[in-house]
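Hi,

Here is the structure I promised to pass on. Have a look at it first, and then read my notes below.

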Amino acid sequence: MQTIFSTDEVRPKDRFRHWRDVCEDRLVPMEQDCLGEGQFDATIDGASIGGLDFTKFALRNLRASTTPRTLRHENHKTDHLFMSMVLSGTVRADQNDRSSTDTNGDFAIRDTNTPWTIEHSGYSEVLAIAIPRERLEGVLGSARIFAGLTVEGHLPVATLARSFLSNLLREEDRLPPHVAERMAGVGIDLVVASLAERLARELPRPVHGSVVIQRAKAYVEANLHDQALDPRHLAAATGVSLRRLQELFHERGQHISDWIWQRRLEAAANRLTDPGYLHMPLGTLAYGCGFASQAHFSRRFKERYGLSPRDYRHRALSHAVAC
């Protein structure tokens, strides 16, 4: 990550004003106040990986709030949500009638459409990641369901998400653009799975059913390569009976097996058009998407897309060259 701002380079009387300008440019307009009498010190580091903007804030004794007024004023980030992960220290937060005290490893999603308050008492470091709204809401539903809810860092999938994102930041300069984009997508999938894992606790049955579906779909995304992935396996991984999972899918006009094969075919189609996979033999690509054989893959792919995988790849490559 590169340093974007440091109070060390600014006169003491101008530090807070400069901090506020840079901070709000990276996030959204906010009302900010120092909580202590001492000199304000802070740094902001940033990186962009695969289309995701990462910002690390290091600061002490600060309260920041978005309000109806600030959200109306030049808020250009409404199409994004912010994942806020505590790296050190303690952060108090309020959003959507949820209050929390987050510590090392915990994270929460901040909705750019509704007010929030964040308070840093003492020194803290926070990693903020701007995530396209549709990448979370497309799986989990409206942000009101999960924004402001703390995902504890000790939860299994949250641990994996934190480790993956930390390693992704360390490798930022070594990743070609197409690889960085794929890895950023994996990171978002882990965030989705972490939120689904947290949401599954103590929810009303109708909401719980939606969360079970979200967890199941997140699990499918992370395990498309597993040829053993089937409805029974998915139900066990999601923590419900096969009958219950089938009922939930049927309520949404879907069948579990159809969904799994749909996602495998869509993943294969994406890889066939991805320059990062051009070197990969079709058989290897098929196995990586969970197909038992290349023949099985070719048959199902042509049924879905009207072209063989080879022709589909060739057409995509020809189009890219023409452009």
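Predicted model: local features only at pLDDT ≥ 70, side-chain atom pairs only at ≥ 80, totals over all residues.

N61 sits in strand β4, which covers residues 52–66.

You'll find N96 in the loop between β6 (91–95) and β7 (98–102). Is N96 buried or exposed? With a relative accessibility of 18%, N96 counts as buried, since the cut-off for that is under 20%.

Now for the chain as a whole. It has 323 residues, and 48% of them are buried. The fold contains 12 helices and nine strands, and the C-alpha trace spans about 70 × 50 × 35 Å along its principal axes. If you take the contacts between residues at least 6 apart in sequence, 70% of them join residues at least 24 apart. The accessible surface is about 15,900 Å², with 49% of that belonging to carbon and sulfur atoms. As for charge, there are 41 positive and 41 negative charges, and their mean positions lie 5 Å apart.

Helix α9 (residues 256–272) packs against helix α11 (residues 294–305) at an angle of about 90 degrees, and the axes are 11 Å apart. The two helices are therefore roughly perpendicular to each other. Which residues of α9 meet α11? They are W261, Q262, L265, E266, A268, A269 and L272, and on the α11 side you have H296, F297, R300, F301, R304 and Y305.

W261 is a handy place to start if you want to click around, and it lies in α9. Setting aside neighbours within four places in sequence, W261 is in contact with G290, F291, H296 and R300. H296 and R300 are also among the α11 residues in the helix pairing. For a sense of distance, W261 and L160 are 101 residues apart in sequence, and their C-alpha atoms are 26 Å apart in space.

Cheers

Conventions. Residues numbered from 1 in each chain as written. Heavy atoms only, no water. Helix = DSSP H or I, 4+ residues; strand = E, 2+ residues; numbered from the N terminus. Buried < 20%, exposed > 50% of the residue type's maximum accessible area, 1.4 Å probe, protein only. Contact = heavy atoms within 4.5 Å. Areas by Shrake-Rupley, 256 points an atom, 1.4 Å probe, with all protein chains shown as cover. Lys, Arg positive; Asp, Glu negative; His and termini not counted. Charge placed at Lys NZ, Arg CZ, Asp CG, Glu CD. Axes fitted to C-alpha atoms, helices over the stretch in contact; angles between N-to-C directions. Parallel < 35°, antiparallel > 145°, perpendicular 65-115°, else oblique.
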